[in-house]
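I opened this notebook to record what I looked up in one structure. The entries follow the order of my reading.

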Amino acid sequence: MASTVASLSTPANFAAADVLPRRKAAVAGRVWFPLAALRGGGFAVRSTGPATPPGISDKVSDSIKKAEETCADENVSGECAAAWDEVEELSAAASHARDKLKENADPLESYCKDKPEAAECRTYDN
Amino acid sequence: MAICSAHTTTSLYSPCTTTVSHSSGFRQKQVIFFTSSSRRSGGGRRHGGARTFHVSCSVDKPVVIGLAADSGCGKSTFMRRLTSVFGGAAEPPKGGNPDSNTLISDTTTVICLDDYHSLDRNGRKEKGVTALDPRANNFDLMYEQVKAIKEGQAVEKPIYNHVTGLLDPPELITPPKIFVIEGLHPMFDERVRDLLDFSIYLDISDEVKFAWKIQRDMAERGHSLESIKASIEARKPDFDAYIDPQKQYADAVIEVLPTQLIPDDNEGKVLRVKLIMKEGVKHFDPVYLFDEGSSITWVPCGRKLTCSYPGIKFAYGPDTYFGNEVSVLEMDGQFDRLDELIYVESHLSNLSTKFYGEVTQQMLKHADFPGSNNGTGLFQTMIGLKIRDLYEQIVAERAGAPAEAAKV
């Protein structure tokens, strides 16, 4: 299943990550990626939320595979960009789906968000 | 003979404004409740004298706001903050397509411009174009429908389904009080741009975009740092060509950068955020720090207020942005405690709040949203208040009354 606990703060996970040499930052039109980020230098990923619905999760992983295949030969074509754009679109959809699940996870929470003064929503210090 | 016009208090919460012209010089405040017909004549006959009675619902003519940003750059969070400032929770249309991208609250309707894709996912794949490419979008339809809504007409808007990648049957959109169009291209087409009463661009630096997408996607099966990096790089040429240039047209730009408080920081956790506010925009009076028009650097942490590491630093001053005069407010660092936020709010002016502490209250209400402890949340909330103010000024102006914007 998708979205199991992934702690980016564990450096071991990304020790083998492809690290861009710093001088590439000077190349026009290239995205500069922080070196520490690629080494896993301390990003904290909150992974306590619900898992992505399997339907979308499968689409995301399929789209990544397809994008990697499409871009294998040459990665400047429109097809390659379109393939990675599809990955972005599906990743965003997956994230929205997780947010929706989180919002609807507890009906009392969502009710109390609108009516914090209702008797069943009040909290007392003592 | 005196002519006076009475009007209801223009607020987001009153459904309609009424303008009564009559000859008796009588001043009155009225709220008209009506069901189907939008006009009631003779509503106040007992006052005597000839009168015309116009009920102009603000529902008739929405104020139109544009929000531009790349995918995964915080548009949804911004929309949640914005609709919260306007009052009431924004929900997807009830009983409609569960994959609808629209959000509706009492006052506001937010539509996603992806719904105007002319090419669905397969079409884009065949032609080798991304969704960022104007060729994948139907700007004629976008213009026609936004214009119709602005004129008070309902439209049947297509729905782009982000899960299937197909265009679903359309949904009915009726004119709200505030109509927000959010997406990749709200300011791309000149005709659409001209319909906007206010526009915002979220400008996320490459470093921060990468950090945010890692947070969003790393837990997703199939994703890796390489795939996240490849996706950003592959989309970048089209982003630079079609999305980024829109920021020159925005009335407000929220720029998100890595912090300068921690030397060589590239964790992307602490942020430096700039709010660039265009000068001379009708109904929009920029927020300022201490002294309007001066250049100021302010570190609020010291003897009176102690802050947690790495502290907070503000800057404010005039500047130019794409040849336009702007005011820039900058916040580096993050709030760790409530008293830090209140202290900062009390030193900002022109916030368009209705009571002291409203910014803080809004921030606390949504403490669970991303960015609630830094400049992204603060500036998004401030822009929300500015849009509320802008709306109230426009409605007051339409009602023929001088705008009395509540300012704290």
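The entries below cover a sheet, a hairpin, a residue in a strand, a helix pair and a loop residue.

**Entry 1: the sheet of chain B.** I note at the outset that the model is predicted. I traced the strand order in chain B and found an open sheet of ten strands, ordered 5-6-9-4-10-11-12-16-15-14. The pairing within this sheet is mixed. I then looked at the edges, where strand 5 (103-104) and strand 14 (296-298) of chain B stand. Each has a single partner strand, so one side of each lacks a neighbour in the sheet.

**Entry 2: strands 6 and 9.** I examined one pairing inside the sheet, that of strand 6 with strand 9 (residues 178-183) of chain B. These two strands run parallel and are joined by five bridges. For Thr109(B), I found the bridge partner Phe179(B) in strand 9 of chain B.

**Entry 3: Thr108(B).** I placed Thr108(B) in strand 6 (residues 108-112) of chain B. Is Thr108(B) buried or exposed? Its relative accessible area is 0%; because the cut-off for buried is under 20%, I recorded Thr108(B) as buried. Leaving aside residues up to four places away in sequence, I listed its contacts as Thr83(B), Phe86(B), Leu103(B), Pro176(B), Ile178(B) and Val180(B). I also noted a polar contact of 2.8 Å between the side chains of Thr108(B) and Thr107(B).

**Entry 4: a hairpin in chain B.** I turned to strand 7 (residues 155-160) and strand 8 (residues 167-173) of chain B, which pair in the antiparallel sense over five bridges. Glu156(B) stands opposite Leu172(B) of strand 8. Six residues lie between the strands of this hairpin, and Gly165(B) takes a positive phi near 80° there.

Entry 5: I looked up how helix 3 (residues 78-103) of chain A packs with helix 6 (residues 225-243) of chain B: the angle is about 125° and the axes are 8 Å apart. The two helices are therefore oblique to each other. Helix 3 of chain A passes helix 6 of chain B in a left-handed crossing. On the helix 3 side, I listed Ala81(A), Trp84(A), Asp85(A) and Glu88(A) as making the contact. On the helix 6 side, I listed Ser227(B), Ala230(B), Ser231(B), Ala234(B) and Arg235(B).

**Entry 6: Cys301(B).** I located Cys301(B) in the loop between strand 14 and strand 15 (312-321) of chain B. Not counting residues up to four places away in sequence, Cys301(B) touches Cys307(B), Gly311(B) and Ile312(B).

Notes:
Residues numbered from 1 in each chain as written. Chains lettered and ligands numbered in written order. Predicted model: local features only at pLDDT ≥ 70, side-chain atom pairs only at ≥ 80, totals over all residues. Heavy atoms only, no water. Helix = DSSP H or I, 4+ residues; strand = E, 2+ residues; numbered from the N terminus. Buried < 20%, exposed > 50% of the residue type's maximum accessible area, 1.4 Å probe, protein only. Polar contact = N/O pair within 3.5 Å; in protein donor to acceptor, adjacent residues only side chain to side chain. Contact = heavy atoms within 4.5 Å. Pairing = 2+ DSSP bridges. Axes fitted to C-alpha atoms, helices over the stretch in contact; angles between N-to-C directions. Parallel < 35°, antiparallel > 145°, perpendicular 65-115°, else oblique. Left-handed = near helix turned anticlockwise from the far one by under 90°.
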